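I opened my notebook to look up a few side chains and see what surrounds them. Here is what I wrote down, entry by entry.

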Amino acid sequence: MLQTGYPGRIARWLGCPPSVVRPHPYALYELNPAWRSADGNSMHNSLGFRGPEVSVAKPEGRLRIVCMGESSTYCTGLNDVSTYPYRLGEHLKRLKPGVDLEVINAGVAGYTSIENILRLLFNVVPLSPDLIVYYYTHNDVHPRWYDGLSRDYREYSCSWFEPPSGGVSGWQKKRHKLATAYVGNIVRRRDKRLRSARHIAGNRPDAFRANLSALALLAKAAGASVVFVNPNYRPPNSDDPAAHAVWEHRRVVEDIGERVGASIVDLNGRLDYSAVGNRSLNDNYRDAVHFTGKGADAAARIIAEEIVDRDLLRAGAAKPLLY
């Protein structure tokens, strides 16, 4: 009854709101289908995606696009109809009138590429997607701050109950973090004594490369085409190891695209961007990675135009290997 992530009678009696996320046995956590924003402008559907209900079975003749990624895809801070995946759908409908299509927002705040592989297998493949758009920013840089990083990011990630402590007070704090989606303090290690920028250079992006390569190949086995979206970010320099790592990841993605036949859309140079640290200096971004409503719409327009220009709006394989 008191298990973190599930309301139960006591949680309801204490007035705890439905949590934004809930525990998952393999992916650490997932979006809670029961969540609704207080103003009613944002919701998770029964399948655990952001936005209105969708059917698992794809209607005959429909093209289904699934957007995967982190909080920059979920679009933390924006209501449902302002997110970039929703705006992508609107722009595609404008560019391809008469085409039956839908865009599903499968982004989850805080996810790295590892959790997104599991989300692809468990949640996205059953939807029979025709196109998967994967947008990332700096979440896969965070694990590289830890010395001797393993391929499974175990130095960065941990279970919900590690360590079990705090009693009722600790449970209440976990409930609050769940309700506010601040799950990172539960499933990620935050010990500043272990976290250092000097470790980034020593941790090559091998796990990131392996994970996104696997994601692209699995998506193709499911009959879907793949678009990777390379992000804007601070210019790389020796005093900003995190920025250097993001640009390193951009090069990795370009190489993966060439090797596996995935398309690349680059926001750099096409969407105005300027940031100092985590602070945005223009009106397209709320901070270094998260869009404003204006930025989400502009990014969606760029991606939609590239999808149409490259003729990527096509039905997926009739008999995929994965389904």
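This is a predicted model: local features need pLDDT of at least 70, side-chain atom pairs count only at pLDDT 80 or more; totals for chains, interfaces and linings use all residues.

**Entry 1: a serine to start with**

Is S42 buried or exposed? I looked up S42 and found a relative accessibility of 7%, so S42 counts as buried.

Residues are numbered from 1 along each chain as its sequence is written, and side-chain values use heavy atoms, with hydrogens and water left out.

I found S42 in the loop between β2 (28–31) and β3 (63–69). Helices (H or I, at least four residues) and strands (E, at least two) are DSSP runs, numbered from the N terminus. Leaving aside neighbours within four places in sequence, S42 touches W35, R36, S37, R50, L78, N79 and D80; contact means heavy atoms within 4.5 Å. With R50, the side chain of S42 makes a side-chain polar contact at 3.0 Å. A polar contact is a pair of N or O atoms within 3.5 Å; within protein, one must be able to donate a hydrogen and the other to accept it, and residues adjacent in sequence count only if both atoms are side-chain atoms.

A charge sits over a ring if NZ of Lys or CZ of Arg is within 6 Å of the ring centre and within 35 degrees of the ring normal.

**Entry 2: cysteines**

How many disulfides are there? I counted zero disulfides, a disulfide being a pair of cysteine sulfur atoms within 2.5 Å. The sulfur of C67 has its closest cysteine sulfur in C75, 9.1 Å away, which is too far for a bond. C67 is buried at 0% relative accessibility, and C158 is buried too, at 9%.

**Entry 3: salt bridges**

My search of the whole structure gave 21 salt bridges. Each is a side-chain nitrogen of Lys or Arg within 4 Å of a carboxyl oxygen of Asp or Glu. One joins R154 and D152 (2.7 Å, N to O); R154 is exposed at 52%, and D152 is partly exposed at 37%.

Another joins D266 and R250, with the closest N and O atoms 2.8 Å apart. This pair links distant parts of the chain, D266 in strand β7 (residues 263–266) and R250 in helix α8 (residues 241–260), 16 residues apart. R250 is buried at 4%, whereas D266 is partly exposed at 22%. R250 also lies over the face of W247, 4.3 Å from the ring centre.

I also noted a salt-bridge network that links R62, R64, D100 and E102.

**Entry 4: aromatic rings**

How many aromatic pairs does the whole structure hold? I found ten aromatic pairs. Rings of Phe, Tyr and Trp (its six-membered ring) pair if their centres lie within 6.5 Å; planes under 30 degrees apart count as stacked, over 60 as edge-to-face and the rest as tilted.

Y135 and F291 are stacked, because their centres are 5.7 Å apart and their planes are at 10°. Y135 is buried at 1% and F291 is buried at 3%. Y273 and Y285 are edge-to-face, at 4.9 Å centre to centre and 90° between the planes.

Definitions and conventions. Buried means under 20% relative accessible area, exposed over 50%, partly exposed in between (1.4 Å probe, protein chains only).
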